[in-house]
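Subject: Structure handover

Hello,

Here is the structure I promised. Please open it and read my notes alongside.

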Amino acid sequence: MNFLDSEDLLGINLESPDASSRTYHVPVMTEEVCALLRPSAGMLMLDGTLGGGGHTEMFLDAGAEVIGLDQDTNAIEAAGARLARFGSRVRLVEGNFRNAASVLESLGERRGLGGVLLDIGVSSHQLNEASRGFAFMKDGPLDMRMGQATAQTAADLVNTWQAAELARIFKEYGEEPRAAQVAARIVSLRVQHPFETTFDLAAAVSSVVPRTGARHPATKVFQALRVAVNDELGALQEALAGIPALLVPGARFGVITFHSLEDRIVKHFFKERSQEWIDRPEWPEPRRNPNRIFRLLTPHPIDAGVEETDSNPRARSAKLRVVEKIESPQIS
Ligand SMILES: C[S@@+](CC[C@H](N)C(=O)[O-])C[C@H]1O[C@@H](n2cnc3c(N)ncnc32)[C@H](O)[C@@H]1O
């Protein structure tokens, strides 16, 4: 899958949503998530990307107890209203899933987790809300922070980073072929007037990148900046490194990604921790994998079905991968 088939900003509903309603975000692949994570009465689960609370609500409906985490205050508020009826079975915390272990500790929670879901990326609310600065189709402050505690906005990056650093992220995170030209243009324009709004940046990018097809010329640059502002890949890597230790044997851990950079990280991590045997050219024979802690439940990622993608275009690029923690990790 091409990185930019993901979270196609042109494909999403850009109507202004009511943050407290169910239009905050439509959860993807609910049936598949439920079938694979198997939420049940008494199970303690972590939803590391609470959003509008759709997946969490499904876990709660199945009888599970849920700790819902999101770095966005708006998500905590919207989901809090939606999930209030579940009382103490749900605890919502504003924070980053890269710090899942310390969140559990701060709650005094010593039980292991029976299930974890990360449905990463941005919510429809974040994309739709002009004031959050994610959408080049709406004018707003050039922000792009998913969490209000994130230190630097997209404006901070484009107004202070060196051209080489901007070009690197446009290339690596956006696969923008004209990364260097866009970075040079930004640096020359910001001398006259610092970038403040999404329209400022979209216009600058459009002056260098020609429009091809239906996609807006600024799509790749906006996506790259979003990944950089929120350190999305770093947060995912830290979460993958830390979450396994929080799981009880038999627990299931699912990750939904929306672009290939993230999916690749999840795919490799799950493979590395689930394959039984490893081989190296210098070894006479394969050896047991000492890092094996999982059984891979999805040798191929699960995609959303046609019915779902027809009604929710955002689900088109979603990929779900799930592992199960094995009873006793095998040591060679
Ligand atoms: C795709 S939405 C999740 C939607 C949710 N599953 C639902 O049912 O509504 C992603 C959410 O994860 C949050 N998020 C993304 N990265 C995060 C991180 N590193 N830590 C905490 N929350 C994060 C975003 O703020 C956003 O609200």
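A cavity is found on a 1 Å grid over the protein atoms alone: it is a set of points where a 1.4 Å probe fits but cannot get out. A molecule sits in one if more than half of its atoms lie within 2 Å of its grid points. Here, the ligand sits in the largest cavity.

Two notes on the source. This is a predicted model, where local features need pLDDT of at least 70, side-chain atom pairs count only at pLDDT 80 or more, and totals for chains, interfaces and linings use all residues. Residues are numbered from 1 along each chain as its sequence is written, and side-chain values use heavy atoms, with hydrogens and water left out.

Next, polar contacts (N or O pairs within 3.5 Å). A polar side-chain atom of D119 lies 2.7 Å from a ligand nitrogen. A backbone N or O atom of G52 is 3.0 Å from a ligand oxygen. For T49, a backbone N or O atom lies 3.4 Å from a ligand nitrogen. Alone, the ligand exposes 600 Å² (Shrake-Rupley method, 1.4 Å probe). The protein buries 98% of that.

Last, aromatic pairs (ring centres within 6.5 Å). The count is five. F253 and F270 have ring centres 5.6 Å apart and planes at 65°, so this pair is edge-to-face (over 60 degrees).

Best wishes

Methods: Polar contact = N/O pair within 3.5 Å; in protein donor to acceptor, adjacent residues only side chain to side chain. 1 Å grid on protein atoms, 1.4 Å probe; cavity = no way out; pocket = protein on both sides within 12 Å on 5 of 7 lines; lining within 4 Å. Phe/Tyr/Trp six-rings, centres within 6.5 Å; stacked < 30°, edge-to-face > 60°.
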